Amino acid sequence: MVDAHELDPALLETLYVDGVEMPFVEFGPVEPVLRLRLEGEEYDFQRSYPRKGFSAILGKDARELLKDGRKLLVARFGERLYLFER
């Protein structure tokens with residue numbers, strides 16, 4: 001099993017997408033990870049989106065997950081955004 005990458009809460013920003021507000025962290029040009037940990041809570045990779053034109057699809061997916069009671073986190077690795085949920 002792969003360990004989750006621990007996030008520093010001080011690095012979090014807020015991403016606003018199509019009326020949805022989500023925690024966001026920028027990793028830059030590094031390889032993506034499948035699990036993130038924030039303050040003891042683990043988030044699993046759900047889906048990735050191209051950096052250009054992501055908002056319509058990401059907003060729809062985020063609303064569906066939030067409706068199901070999920071917590072969300074978005075991370076940017078290279079030129080893609082990655083949606084994580086718990």
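Mentor: Leaving aside neighbours within four places in sequence, Glu-85 is in contact with Glu-42, Tyr-43, Asp-44, Gln-46, Leu-65, Arg-70, Lys-71 and Leu-72. This is a predicted model, and the contacts should be read as belonging to that model. Glu-85 itself lies in strand β7, which covers residues 80–85. With a relative accessible area of 12%, Glu-85 counts as buried, because the cut-off for burial is under 20%.

Not counting residues up to four places away in sequence, Leu-72 touches Met-22, Pro-23, Tyr-43, Ala-62, Leu-65, Leu-66, Leu-83, Phe-84 and Glu-85.

The strands come next. β7 and β6 belong to an open sheet of seven strands with mixed pairing, in the order β1-β4-β5-β7-β6-β3-β2. β1 (5–6) and β2 stand at the edges with a single partner strand each, so one side of each has no neighbour in the sheet. Strands of a sheet pair through backbone hydrogen bonds, either parallel or antiparallel. β3 and β6 run parallel and are joined by four bridges. Val-25 stands opposite Ala-75 in β6.

Now the nonpolar side of the picture. The largest nonpolar core has 14 residues, of which Leu-15, Met-22, Phe-54, Leu-58, Val-74 and Leu-83 touch the most other members. At least two residues of this core come from each of β2 (13–17), β3 (20–28), α1 (55–67), β6 and β7. Apart from this core lies another, of ten residues, and Val-25, Leu-36, Tyr-43 and Phe-84 are among them. Leu-15 touches Val-20, Glu-21, Met-22, Phe-24, Phe-54, Leu-58 and Val-74, again not counting residues up to four places away in sequence.

The helix α1 can be checked for length. Its 13 residues, at 1.5 Å a residue, should span 18 Å, and the end C-alpha atoms are 18 Å apart, which agrees. Within α1, the buried residues are Leu-58, Gly-59, Asp-61, Ala-62 and Leu-65. Their cover includes β2, β3, β5 (41–50), β6 and β7. Just after α1, Gly-69 takes a positive phi of about 85°.

Most residues other than glycine have a negative phi. Asp-18, which is not a glycine, has a positive phi of about 50°, and it lies in the loop between β2 and β3. Glu-39, also a residue other than glycine, has a positive phi near 50° and is found in the loop between β4 (35–38) and β5. Glu-39 is exposed, with a relative accessible area of 62%, whereas Glu-85 is buried at 12%.

Technical notes
Residues are numbered from 1 along each chain as its sequence is written. This is a predicted model: local features need pLDDT of at least 70, side-chain atom pairs count only at pLDDT 80 or more; totals for chains, interfaces and linings use all residues. Side-chain values use heavy atoms; hydrogens and water are left out. Buried means under 20% relative accessible area, exposed over 50%, partly exposed in between (1.4 Å probe, protein chains only). Contact means heavy atoms within 4.5 Å. A nonpolar core is a set of buried Ala, Val, Leu, Ile, Met, Phe, Trp, Tyr and Cys residues joined through side-chain atoms within 4.5 Å. The expected span of a helix is 1.5 Å times one less than its number of residues. Two strands pair if DSSP finds at least two bridges between them.
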